[in-house]
Amino acid sequence: MEFNQPIGGNELPRFAGPGTMMRLPANDSAEGLDACFVGVPFDLGTSHRGGARFGPRAIRAESTMIRPYNMWTRISPFDSLQIADLGDVAINTFNLLKSVDIIEKAYDEITRFGAAPFTLGGDHTIVLPILRALAKKHGPVGVVHVDAHADVNDLMFGEKIAHGTPFRRLVEESLVNPGRVVQIGLRTTGYAADDFDWPREQGFRVVQAENCWHKSLTPLMQEVRDQLGDGPVYISFDIDGCDPAYAPGTGTLEPGGLTSAQAFEIVRGCRGLNIIGGDLVEVSPPYDHGGITASLAANLLYEMLCTLPGAVARDD
Ligand code: MN
Ligand code: MN
């Protein structure tokens, strides 16, 4: 079996070649794939600064720096998994609700072929249609959710679907198992204690950023693995979980956030779980500087690939 390989920086200059994630082959469908990258260039659900529609393109551009072998974990996902870039979902940029349906249908198709999708967002609204599709196959899933915000608003300007509401909808629609949802990095100010207590009342574990300050998150992730067990787990990573110093290119900044090292610890700590897919959302390139945020996002998506049960470690 020949597995797709990213084009290396010694084969073709990093600033040349196809605009796919890691310069992998572009596929039209997920048939025959174990995992895939998918762009969702959607920011119709943002409440403040927009620009996440440009996230997939910027993440792909920065991904040309990523090499196939993980120098710390020794995982080499392209040795044992067939992976390609499916391009971008053709959302309707004039209609949020239609776009949400279009996204769900696109992920129904990916799920039908059994490929684990890793999504380049896009704002956080998109986790709702993605999990509507994935839950049809897997049932209610566990989620490792990294974010500065709980995203459990009932309404925003009277609307049920926006980037600050998906985790309430996921509970209401029974797409997640609340006892297997962990939110990490939540912080700063809210309107009332209920902003973070509502998810706790549903059964989520909420790990506020203050609980993460000044320490390694590797011990936390051992607890997360023990809590989440063997069932299916999805990773939803809002880049604003990281401190604006590490991720300035996003829409709703909150200081006092996670470091990029802690972000790596969280994603690497998902290894051992039954990971079925993940997303990296809320990268807004117009507010980025020198690709700092998009580069971190691209690397975290690569790290998500390395958590897949079928990814193997290699000692060269
Ligand atoms: Mn979010
Ligand atoms: Mn957020």
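Colleague: Which elements each supply at least two residues of the lining of the second largest pocket?

Modeller: The model is a predicted one. Its second largest pocket has a volume of about 150 Å³, and among the residues that line this pocket are Leu86, Gly87, Asp88, Ala106, Glu109 and Ile110. The elements that each supply at least two lining residues are β2 (83-88) and α2.

Colleague: How do the residues of that lining divide by class?

Modeller: The lining includes Val38, Val89 and Ala90, together with Ser29 and Asp28. By class, the lining of the second largest pocket divides into seven nonpolar, two polar and three charged residues.

Colleague: Which element gives the most to the lining of the largest pocket?

Modeller: The largest pocket has a volume of about 830 Å³. Of its 39 lining residues, Ser47, Asn153, Met156, Gly164 and Tyr191 are the closest to the centre. Two helices, α2 (96-112) and α5 (194-202), each supply at least two residues of this lining. With four residues, the element that gives the most is α5.

Colleague: Which residue bridges the manganese ion (ligand 2) and the manganese ion (ligand 1)?

Modeller: The manganese ion (ligand 1) is coordinated by His124 (ND1), Asp147 (OD), Asp151 (OD) and Asp238 (OD), at 2.1 to 2.3 Å. The protein donors of the manganese ion (ligand 2) come from Asp147, His149, Asp238 and Asp240, at 2.1 to 2.4 Å. The two ions lie 3.3 Å apart, and the residue that bridges them is Asp147.

Colleague: Why does the pair Asp151 and Asp238 tie together parts that are apart in sequence, and how many residues separate them?

Modeller: Along the chain, the donors of the manganese ion (ligand 1) follow the spacing H-x22-D-x3-D-x86-D. Asp151 lies in the loop between β4 and α4, whereas Asp238 lies in strand β7, so the pair joins parts whose separation in sequence is 87 residues.

Colleague: Is Asp238 buried or exposed, and what is its relative accessible area?

Modeller: A residue counts as buried under 20% relative accessible area. Asp151, at 7%, is buried. Asp238 is also buried, with a relative accessible area of 2%.

Conventions. Residues numbered from 1 in each chain as written. Chains lettered and ligands numbered in written order. Predicted model: local features only at pLDDT ≥ 70, side-chain atom pairs only at ≥ 80, totals over all residues. Heavy atoms only, no water. Donors = N, O, S within 2.8 Å, 3.2 Å for Na, K, Ca; no water. Buried < 20%, exposed > 50% of the residue type's maximum accessible area, 1.4 Å probe, protein only. 1 Å grid on protein atoms, 1.4 Å probe; cavity = no way out; pocket = protein on both sides within 12 Å on 5 of 7 lines; lining within 4 Å. Points joined across faces, edges and corners; volume = space filled by probe spheres on them. Nonpolar A, V, L, I, M, F, W, Y, C, P; charged D, E, K, R; others polar.
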